[in-house]
6 protein chains.
Amino acid sequence: MQSLYFEDFQEGMELETVGRTVTEADIVMFAALTGDWNPIHVDAEYAKTTIFGQRIAHGTLTFSIMTGLLMRLGFLEETVVAFYGVDRLRFTNPVFIGDTIKARAKVVEKQDRGQFGVVKIEASVVKQTGDVVLNCILRVAVKKKG
Amino acid sequence: MQSLYFEDFQEGMELETVGRTVTEADIVMFAALTGDWNPIHVDAEYAKTTIFGQRIAHGTLTFSIMTGLLMRLGFLEETVVAFYGVDRLRFTNPVFIGDTIKARAKVVEKQDRGQFGVVKIEASVVKQTGDVVLNCILRVAVKKKG
Amino acid sequence: MQSLYFEDFQEGMELETVGRTVTEADIVMFAALTGDWNPIHVDAEYAKTTIFGQRIAHGTLTFSIMTGLLMRLGFLEETVVAFYGVDRLRFTNPVFIGDTIKARAKVVEKQDRGQFGVVKIEASVVKQTGDVVLNCILRVAVKKKG
Amino acid sequence: MQSLYFEDFQEGMELETVGRTVTEADIVMFAALTGDWNPIHVDAEYAKTTIFGQRIAHGTLTFSIMTGLLMRLGFLEETVVAFYGVDRLRFTNPVFIGDTIKARAKVVEKQDRGQFGVVKIEASVVKQTGDVVLNCILRVAVKKKG
Amino acid sequence: MQSLYFEDFQEGMELETVGRTVTEADIVMFAALTGDWNPIHVDAEYAKTTIFGQRIAHGTLTFSIMTGLLMRLGFLEETVVAFYGVDRLRFTNPVFIGDTIKARAKVVEKQDRGQFGVVKIEASVVKQTGDVVLNCILRVAVKKKG
Amino acid sequence: MQSLYFEDFQEGMELETVGRTVTEADIVMFAALTGDWNPIHVDAEYAKTTIFGQRIAHGTLTFSIMTGLLMRLGFLEETVVAFYGVDRLRFTNPVFIGDTIKARAKVVEKQDRGQFGVVKIEASVVKQTGDVVLNCILRVAVKKKG
């Protein structure tokens, strides 16, 4: 996609990304990079004793991959001023090793702030089973054309 | 710290983590892992033309490191049921390459949900200049002792 | 960009990517992943004694980043059958730590092969000084619409 | 092996490397480092719908690992002036997760260029099934003894 | 845990860490970072022909993870002067992909050195089968309170 | 080098590796992989207050890189039975970001154990200033020719 300016966004506009399989390597690398080695993510023996019965991805990994999938669409590549906030982020289902996730986004509000505009995007992540694993509202400040 | 059960949390209880310097390597690895190679994070020439004048860390990287710093305190190591949500996450100042960040957390609410409890934590990230770069509310479901 | 089918490609069509700064971390990670720890890439003391006077990126790293930058444009996302060959790849100038590179691509030939088509792309990598650091011909088999 | 000078190379000389298993982690890390997250490499669900029926390694990953395996032989460690080009690189068979690959190299031509020499090497990568997955000609400028 | 000063250590004091599953990704990343791509660690075909019948983790990876698991306990976070030595390190059993390891530590000697103290720690790593895979003596110089 | 069998080792035999610069990226990646984020390695502000005045590499990183540099010489590639122990490992000087290190090894003892042999190697790591930063004895079980 081309980079979109504030004027290019329309309320109701929808986007969907390609998919990505969440691998054991992703979880290990995310634990590594953040330092969050909670056993529920990286100890297979402990994970067997939890309600999930297996290791689960960090919610913050799913969230981070979601922002990456959306960014790769290119619509904010050179027009983003700041990705400045997130509201009501909920992790609604576990992501297991081998699950494949996609992100969906829908423009739900536009606010003209003078020099730039704010776009509110309802974003969610869905896995191959159809289950929604994450949803939230993203707040992005975007350049205006003029 | 020992793992804390729902009963061990007190409203007003405060925690502070050790620090971590955000390096160029962290930003490159986070861009890599998520696929978010927006030029503002990884193109030094482009970044010179922005209001920041240099590359900035992904807000989601700062957020992810914050969760890692907090988890390393150990208080949720074997008592977390689910880290299920985040509210009002705001990225309030840029984090540049070489900035050193710490996380602070304060218990602001406890809710007994029967089999487990919910703890709301006001979390923030501060850098070496004293500037707050991120704040949010974390929602964690925690095991009960009984 | 949208994924392009064979019929969508036009000879002479040109593409340019965003930029990416090649960091010390990229070179270390590429040495790591490939096992190519030749001192010219990773030994700062040795590199001082060479004609370049400093460490240089692996040509294969520059080439790999180029393919990544081009793929991120999205035009081959779901239409590539196979990226099956490269001709006359030349590394024409060194890439140093801190250099920022962009890729350019130009469709130079289309061949209809019945079930799919072959697109030849002249690709090059340019750094912030304007110097071309790599050029080659890529051969990609692409889906047809029909 | 010792580092070889131009005079040490003989036409017809052959080399073979040890093997390396291409893992899911390698593919994820290469996608990460390059930014090439094409679904054919990293989306297990999408990959099921392709002619390969599963995810395949990036050709550029196989090529990069090949250069690493060859460099680890040590024969160019301190004598390489520049690895300056590649001709007729072809990806002839897919590399799947779990395949083990080795590189083979054969000196096919020597050219004295005065201050240094050029060695042309026919290189290929073979997997455990015996299938050749990649072949190409490498061009390397090498120091002379004198 | 709180950081412990020399005076806080008691001979006979014991610590145990949480567990961590050693994944294929860990072994690949460690081979990458160190450059030790010995086939016994990363060539699945070669590994079938050894007495282990499969790839094994680098002993130095197990040792490095052990120090990480111990450090995460936090007892040395801000009191370590120097981790200056290791004695009689033995790799007593193989660690395979998928094994889950924990570290155990026991204070076996304290030496007052005037400005600081030396603590000798008998450390071992155990896997889910109960087998000890590594043991050694760690020597750590630690701050005194006064 | 060729792989060496037990019979090929001679007491007094010496080896030296090429060099490698220890980068900020190496330290971050090692902290990541092991989970040892002690502030002395990764918090630039804290490190200023220590006797070193700056961040230092993990001793275990230097040790791990040393084993990698030695393995890359190839002399144990297909003849190592087990690298089973380390004695008297001492970290004698700090390694700072940007230091370039090399490993040296000297065969100090051979023991015939019937089916295989044990080789004791005195190994050390030296940096560009000439300072020895690490020394130890490695114990390796090696195949016999017969």
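Which residue of strand 3 of chain B does A:Arg90 stand opposite? In this predicted model, the residue facing A:Arg90 is B:Gly85. The two residues belong to a contact between chains A and B that takes 37 residues from chain A and 37 residues from chain B. This briefing covers that contact, then the symmetry that relates the copies.

- Sorted by class, the side of chain A that touches chain B holds 18 nonpolar, 8 polar and 11 charged residues.

**Elements that supply the contact**

- On chain A, at least two residues of the side touching chain B come from each of helix 1 (24–34), helix 2 (39–42), helix 4 (59–72), strand 3 (80–91) and strand 6 (132–143).
- Strand 3 of chain A gives the largest share of that side, with 11 residues.
- Strand 3 of chain A is also joined to strand 3 (residues 80–91) of chain B by 4 bridges, and the two strands run antiparallel.

**Polar contacts and salt bridges**

- Between chain A and chain B there are 15 residue pairs in polar contact, counting pairs with both residues at pLDDT 80 or more.
- The number of salt bridges between chain A and chain B is 2.
- One of the salt bridges links the side chains of A:Asp87 and B:Arg90, with 3.1 Å from N to O.

**Relation of chain A to chain B**

- Two copies of a chain are related by a rotation about an axis and a shift along it.
- For chain A and chain B, the rotation is 180° with 0.0 Å of shift along the axis, and it superposes chain A on chain B with an RMSD of 0.0 Å.
- This is therefore the relation of a two-fold axis.
- A:Asp87 is the residue of chain A that comes closest to the rotation axis, its C-alpha being at 2.6 Å.
- Both copies use the same surface, since 100% of the contact residues of chain A recur in chain B.

**Relation of chain D to chain A**

- Chain D is superposed on chain A by a rotation of 120° with 0.0 Å of shift along its axis, at an RMSD of 0.0 Å.
- These two copies are thus related as by a three-fold rotation axis.
- In chain D, the C-alpha nearest this axis belongs to D:Ala25, 3.0 Å away from it.

Methods:
Residues are numbered from 1 along each chain as its sequence is written. Chains are lettered from A and ligands numbered from 1 in the order in which they are written. This is a predicted model: local features need pLDDT of at least 70, side-chain atom pairs count only at pLDDT 80 or more; totals for chains, interfaces and linings use all residues. Side-chain values use heavy atoms; hydrogens and water are left out. Copies are superposed by least squares on the C-alpha atoms of residues with pLDDT of at least 70 in both. Contact means heavy atoms within 4.5 Å. A salt bridge is a side-chain nitrogen of Lys or Arg within 4 Å of a carboxyl oxygen of Asp or Glu. A polar contact is a pair of N or O atoms within 3.5 Å; within protein, one must be able to donate a hydrogen and the other to accept it, and residues adjacent in sequence count only if both atoms are side-chain atoms. Ala, Val, Leu, Ile, Met, Phe, Trp, Tyr, Cys and Pro count as nonpolar, Asp, Glu, Lys and Arg as charged, and the others, Gly among them, as polar. Two strands pair if DSSP finds at least two bridges between them.
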